[in-house]
Amino acid sequence: MTVKLTKAERKLEYDKKLCRLLDEYSQVLIAAADNVGSNQLQNIRQGLRGESVILMGKNTLIRRCIKVHAEKTGNKEYLNLLPLLVGNVGLIFTKGDLKEVREEVAKYKVGAPARVGLVAPIDVVVPPGNTGLDPSQTSFFQVLNIPTKINKGTVEIITPVELIRKGEKVGSSEAALLAKLGIRPFSYGLVIQSVYENGSVFSPEVLDLTEDDLIEKFAAGLSMVTSLSLALSYPTLAAAPHMFINAYKNVLAVAIATEYTFPQAEKVKEFLEDPSKFAVAAPVAAAEAASTPAAAAKEEEKKAEPEEESDDDMGFSLFD
């Protein structure tokens, strides 16, 4: 016979479990659990079993446990979880890949009917087509301003109708219509709101970033630092190559305008003093470029010739 724990004993056991999880796991997903049923939550627990643990409870109790545990251990990083405990939320402690855990949780969304008074999380659009309802239901559609016609003894919706907009409350007429049509427009499940990792808190959207996204953002930031450094003439590692090139251009311009010279400027001066060298160098480069495709064409012709001869030898010449 199991002994039923008192309320104080249950709180003590909950406190021990939460403290153990905080010590064991460094990654926590904070998930909203609105409209999530017990069976659905149990399925999620089974799907995450092995590498993750879901902990639900009252926010006030969780806050108190975290504060006490942070004082005992001296680890103030746990306090970063406190602002996230708002509304109907749960904690998912995990040692696995955060993105994979979030994707696994998202698999367990289930469809739900539109109940009266519920705030719509998405727009609800009734598609056109045959409803399967008898013509006596036509007045019901007229009340909701839904254009219909009678087709083969049943009511058919002519055009798509936006029945409910996101953020609006579901009315009794809308809920009754969706129930008649067998439409379950909403889906509910655990929704990841925030991510805690080793004391840092960030949005779950960060988990969607790829290496290419990070490289692109880093390159954009590096470009901004370089532009700012050049505008302020402030040397940085990013701007150093551009500063050296600009300095070389300035020194080269001075060398060309005066009799001062240095090894890197001598060749430029030589070309400027005798422009004919440009005319000599250009045809040589053009000839080399032109010879390449011509040689390639000759090689293709040589490859084609044996094929024609083989046809003649076999007695299947195309020109006989």
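## Basis and overall make-up

Residues are numbered from 1 along each chain as its sequence is written, and side-chain values use heavy atoms, with hydrogens and water left out. Because the model is predicted, local features need pLDDT of at least 70 and side-chain atom pairs count only at pLDDT 80 or more, while totals for chains, interfaces and linings use all residues.

The protein chain holds ten helices and twelve strands, where helices (H or I, at least four residues) and strands (E, at least two) are DSSP runs numbered from the N terminus. Of the 320 residues in the protein chain, 29% are buried, a term that stands for under 20% relative accessible area, with exposed meaning over 50% and partly exposed in between (1.4 Å probe, protein chains only). Among the contacts in the protein chain with a separation of 6 or more, 69% are between residues 24 or more positions apart, a contact being heavy atoms within 4.5 Å.

Strand β3 (residues 89-94) is mostly covered, with six of its six residues buried. Val89, Leu91 and Phe93 point one way from β3, whereas Gly90, Ile92 and Thr94 point the other way, and all are buried. In a regular strand the side chains alternate between the two faces of the sheet.

Strand β1 (residues 27-32) pairs with β3 in the antiparallel sense over six bridges, and Ala32 has Val89 as its bridge partner in β3. Strand β2 (residues 52-55) also runs antiparallel to β3, joined by four bridges, and here Ser52 stands opposite Thr94. Two strands are taken to pair if DSSP finds at least two bridges between them.

## The sheet β6-β8-β7

Three strands form an open sheet in the order β6-β8-β7, with antiparallel pairing. Strands β6 (129-130) and β7 (148-151) stand at the edges, each with a single partner strand, so one side of each is left without a neighbour in the sheet. Four bridges join β7 to strand β8 (residues 154-157) in the antiparallel sense, and the bridge partner of Asn151 in β8 is Thr154.

## Helix α7

Helix α7 (residues 211-232) has 22 residues and reaches 32 Å from its first C-alpha to its last, close to the 32 Å expected at 1.5 Å a residue; the expected span is 1.5 Å times one less than the number of residues. Just after α7, Ser233 takes a positive phi of about 55°.

The largest pocket holds about 280 Å³ of space. A pocket is, on a 1 Å grid over the protein atoms alone, an open set of points where a 1.4 Å probe fits, with protein on both sides within 12 Å along at least five of seven lines, and its lining residues have an atom within 4 Å of a point. The largest pocket is lined by 16 residues, of which Asn35, Pro121, Ser187, Tyr188 and Val191 lie nearest its centre. Strand β10 (residues 186-188) gives the most to this lining, with three residues, and by class the lining has ten nonpolar, three polar and three charged residues.

The second largest pocket, with about 180 Å³ of space, is lined by Lys7, Arg10, Lys11, Tyr14, Lys58, Thr60 and Leu61. Helices α1 (7-24) and α3 (59-73) are the elements that give two or more residues to this lining, and α1 provides the largest share, four residues. By class, the lining of the second largest pocket has two nonpolar, one polar and four charged residues, where Ala, Val, Leu, Ile, Met, Phe, Trp, Tyr, Cys and Pro count as nonpolar, Asp, Glu, Lys and Arg as charged, and the others, Gly among them, as polar.

Conventions
Points joined across faces, edges and corners; volume = space filled by probe spheres on them.
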